[in-house]
Amino acid sequence: MRPFLLAILGLFFSITIVPRAVAQDGPSVLIVTAHPDDDASFAATIHRITHELDGTADLVLITDGAGGYRFSTFAEDIYGLELTNQEVAEKHLPAIRKKELMAGGAIIGLRDYVFLDQPDKGKTFDADAVMENEWDVELVARVLDRVLAEGDYDFVFTMIPHPTTHAHHKAASIFALEAVNRMTEDRPVVLAGGSLDTFPPESFEFRMLDGHPLTTLSSEHGPWGFNRNTKLGLDDRLNYNIIRNWLIAEHKSQGTMQTYMSLGDSWETYWLYEMNGTDAAEAVQTLFDAVLDIE
Ligand SMILES: [Zn+2]
């Protein structure tokens, strides 16, 4: 049984964390994402951390994952539900997608999940509007504070809050940054992750999201990259796209997500946020030296 599994219903919530009797020596990571399939961005790196580095990874999921239902066509027969119908989707998708997330999470080695069940009302680009009008800001902040205080994490993985990305992705990252920024001691290092087709990035000019100085990326250190096409195994016939594809395949209700299998943007890329301070770069370098040390 998992050490803690949290489901939030309305304003009522409780959290149970078993003391870390089974604490491991490797890196501990908290992933903060908006949607149930967003962790695919970190799939190979997390698999390395949990399977090869004796590390752990937990995940906070901010929305209930009811969005994007119009692409659930192929999943309708699998679940026996008319998921492309909005009413059916709103009723059933949150539970279905939590199961899909945990099935994918089992593949990459996720340990614990915290579900905040905030509304997932379609794609926009305005993160401020999401934070002000859609999500319960106080609830999200309070739970993140608590998870971070009790989790003793070394790293927090967020999706890079690039202006062109989904408002929910940006808002989730901003919430994570603000929560870590509120910590007075033992802060984890917060990283911004994304997939690129080349590494180092050739013409990557993003530095910060307007109005959110905490999102400023370090111009001095990083980024770090892990190529999912890195060969391994017998006769070098395997690579980490297999892991990410397996994870994606678990998200059968996420129709368009299936088309992302084995795409060319195979570099899982991680930038350091400036708010971490200069010492953080060394910790990230140590992490990626180990992640990239594939025999
Ligand atoms: Zn997403």
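Predicted model: local features only at pLDDT ≥ 70, side-chain atom pairs only at ≥ 80, totals over all residues.
A crossing of two helices is right-handed if the near helix is turned clockwise from the far one by less than a right angle.

Start with α3 and α7. Helix α3 covers residues 86–108, and helix α7 covers residues 241–250. Their axes come within 8 Å and cross at roughly 165°. Angles over 145 degrees count as roughly antiparallel, so α3 is roughly antiparallel to α7. The crossing of α3 past α7 is right-handed. On the α3 side, the contact uses Glu-100, Ala-103, Gly-104, Ile-107 and Ile-108. Helix α7 supplies Ile-243, Trp-246, Leu-247 and Glu-250. Sorted by class, six residues of this contact are nonpolar, one is polar and two are charged.

Now take α5 and α6. Helix α5 spans residues 137–151, and helix α6 spans residues 167–182. Here the axes come within 9 Å and cross at roughly 55°. That angle is why α5 is oblique to α6. Again the crossing is right-handed, with α5 passing α6. From α5, Val-140, Ala-141, Leu-144, Asp-145 and Leu-148 take part. They meet Phe-175, Ala-176, Glu-178, Ala-179, Val-180 and Arg-182 of α6. Eight residues of the contact are nonpolar and three are charged, with no polar ones.

The strands come next. Strand β2 runs over residues 28–33 and pairs with β3 in the parallel sense. Six bridges join β2 and β3. Within this pairing, Thr-33 stands opposite Leu-61 of β3. Strand β3 itself covers residues 56–63. Eight of its eight residues are buried, so β3 is largely enclosed by the rest of the structure.

Val-29 gives a residue-level view of β2, the strand in which it lies. Is Val-29 buried or exposed? A residue needs 20 or more other C-beta atoms within 10 Å to be buried. Val-29 has 27 C-beta neighbours inside 10 Å, so it counts as buried. Its contacts beyond four places in sequence include Ala-57 and Gly-55. Tyr-153, Asp-154, Phe-155 and Phe-157 are also among them. Phe-155 is 126 residues away from Val-29 along the chain, yet their C-alpha atoms are separated by 4.8 Å.

Val-29 also touches Ile-46 and Ile-49. Both of these belong to the buried residues of α1. Helix α1, residues 43–51, is mostly covered, with eight of its nine residues buried. Among the other buried residues of α1 are Ala-43, Ala-44, Thr-45, His-47, Arg-48 and Thr-50.

Key. Residues numbered from 1 in each chain as written. Axes fitted to C-alpha atoms, helices over the stretch in contact; angles between N-to-C directions. Helix = DSSP H or I, 4+ residues; strand = E, 2+ residues; numbered from the N terminus. Parallel < 35°, antiparallel > 145°, perpendicular 65-115°, else oblique. Contact = placed C-beta atoms within 7 Å. Nonpolar A, V, L, I, M, F, W, Y, C, P; charged D, E, K, R; others polar. Buried ≥ 20, exposed ≤ 12 C-beta atoms within 10 Å, placed from the backbone. Pairing = 2+ DSSP bridges.
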